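Please keep the structure open while you read.

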Amino acid sequence: MEENKTEGQKLQEKLAYKAKNVWEKVSDEERKEIFSFCEDYKKFLDVAKTEREFARETERVAVENGFVSLDELINSGKKLIPGTKVYKIIRNKAAILAVIGKQPASCGVNIVGAHIDAPRIDLKQNPVYEDTDLAFAKTHYYGGIKKYQWVTIPLALHGVVIKGNGETVEIKIGEDENDPVFTITDLLPHLAAEQMQKKASEVVTGEGLNVLFGSIPYNDEKVKEKVKLNILNLLYEKYGITEEDFVSAELEIVPALKAKDVGLDRGLVGAYGQDDRVCAYTALRAILDIDTPEKTAVCLLTDKEEVGSMGNTGAQSTMLENFLAFLCSLEGEYSDLLLRKCLSQTRMLSADVNAAVDPNYEGTHDKKNACYAGKGVVLTKYSGVRGKAGGSDANAEFIGELRQMFKNNDIIWQTGELGKVDLGGGGTIALFVANLGAEVVDCGVAVLAMHSPFEITSKADVYMTYRAYKAFYSFIK
Ligand code: MN
Ligand code: MN
């Protein structure tokens, strides 16, 4: 075939850039690996539907794989040596793992950083009320959602309640086959003439996202709000909680849907929360699978990205700096200067998703610069909104290094940009770590229907991303 090519065809192959479809490039064996990897991924998604559940699962698999808690190491007085595996869970909602490299941490570390929170609907602090013989829960949504997507689907309730006596009660209703589910009702089309004229952002309002909680009245003539009382009583009988306990609770409403294969060929994963658990899971799996690296490998799993990365579990907190400071100190010596040296020589893949081109929605992307489902792990040089504002813009030198690394490891990648210049955009945790002096670039999976209750990814991309992160943990310039 090669000799049949014209001079022009050969020249085009040599000079022009074209992203490849992963499925067309992988061997039969790799195809099998892709599918088996994504079976594990789907299972993980089903047990890690909230940031707390993800953090807990992280601790479980970390311990299973020989990681030791940082606090335990500090207390034991032991020193870190190459190959030591260490983890820290931050306030049950974020996590950092590291495999200590041959070089000291002060020479810089290789971080893959993702977020484990996802858009959802939180219960308010005094949620339960009764209206028209039905009980509901008031909510305040978390992150950027299209509110109309969250009505008339089965919903589950996950979270914790801290009781008056300090005891913690875990709640998870709607995931077991035999569990009841919750839902938010919508108006029937017959009576929706007025509603259908509204803008999509106003069809369902924030205060209108009231979750249906119950319908059977408590059997006592003398009480008012009998349906609400019955619900409170059921909660009391099962969990020992009272209405006041909601004040010190974090209860999250998430879709009561399991991760599924999508399409007759089973090439796609459909699931809630893939932004950004697809990157968090692959980052986690990859650090479990590496040998002692040259530079220390760090997996950073943060909370609160969907609302701006604020707070003591978000990427704007000092959790990463604190963790690295402890690594420096446990390796033998500590000074502020060593930590600064570490940060300035650190490289990070900000592991977050990008928006895949959706042929159902023409005109949202610059197709020459957008990413596609199935074309490999996405490198997003810059984020930000209208003129790159508020985003992170990686240095060309760093991307040059990564291109070589991808090439050397047979990793199929593509470039991406979050939508057309004037349309909108977004940010990730990249800028917060870049602000500390590290080299950072966004690198993750292309997603269809991002931030919806059922997000879609290509299994080929999930696997390529895992391979990219794994190679990066052992990257040395
Ligand atoms: Mn994200
Ligand atoms: Mn997001």
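1. Start with a term. Donors are N, O and S atoms within 2.8 Å of the metal (3.2 Å for Na, K and Ca); water is not among the atoms, so sites may look incomplete. In sequence, the donor residues of the manganese ion (ligand 2) are spaced D-x30-E-x144-H. These protein donors are Asp275 (OD), Glu306 (OE), Glu306 (OE) and His451 (NE2). They lie 2.1 to 2.6 Å from the ion.

2. A word on the basis. This is a predicted model, where local features need pLDDT of at least 70, side-chain atom pairs count only at pLDDT 80 or more, and totals for chains, interfaces and linings use all residues. Residues are numbered from 1 along each chain as its sequence is written, chains are lettered from A and ligands numbered from 1 in the order in which they are written, and side-chain values use heavy atoms, with hydrogens and water left out.

3. Now the other metal. The manganese ion (ligand 1) has His115 (NE2), Asp275 (OD), Asp352 (OD) and Asp352 (OD) as its protein donors, 2.1 to 2.6 Å from it. Along the chain, their spacing is H-x159-D-x76-D. Two distant parts of the chain are linked here: His115 sits in strand β4 (residues 110-115), and Asp275 sits in helix α8 (residues 274-288), 160 residues apart. Helices (H or I, at least four residues) and strands (E, at least two) are DSSP runs, numbered from the N terminus.

4. Which residue bridges the manganese ion (ligand 2) and the manganese ion (ligand 1)? Asp275 does, and the ions lie 3.4 Å apart. His115 and Asp275 are both buried. Buried means under 20% relative accessible area, exposed over 50%, and partly exposed in between (1.4 Å probe, protein chains only). Glu306 and His451 are buried too.

5. Look at helix α8. Its 15 residues should span 21 Å at 1.5 Å a residue, and its end C-alpha atoms are 20 Å apart, which agrees. The expected span of a helix is 1.5 Å times one less than its number of residues. Because 15 of the 15 residues of α8 are buried, this helix is largely enclosed by the rest of the structure.

6. Helix α13 (residues 459-473) also has 15 residues. From first C-alpha to last, α13 reaches 22 Å, close to the 21 Å expected at 1.5 Å a residue. It is mostly covered, with 14 of its 15 residues buried.

7. Check the cysteines. How many disulfides does the structure hold? The count is 0. A disulfide is a pair of cysteine sulfur atoms within 2.5 Å. Cys371 is in no disulfide either; the nearest cysteine sulfur, that of Cys279, is 11 Å away. Cys299 is buried, with a relative accessible area of 0%. Cys371 counts as buried because its relative accessibility is 0%.

8. Is Leu188 buried or partly exposed? Leu188 counts as partly exposed, because its relative accessibility is 37%. Leu188 is in the loop between β8 (168-173) and α6 (200-203).

9. Last, Glu225. This residue is in the loop between β9 (211-214) and α7 (226-239). Glu225 is partly exposed, with a relative accessible area of 41%. Glu225 and Leu134 are 91 residues apart in sequence, and 9.3 Å apart in space, C-alpha to C-alpha.
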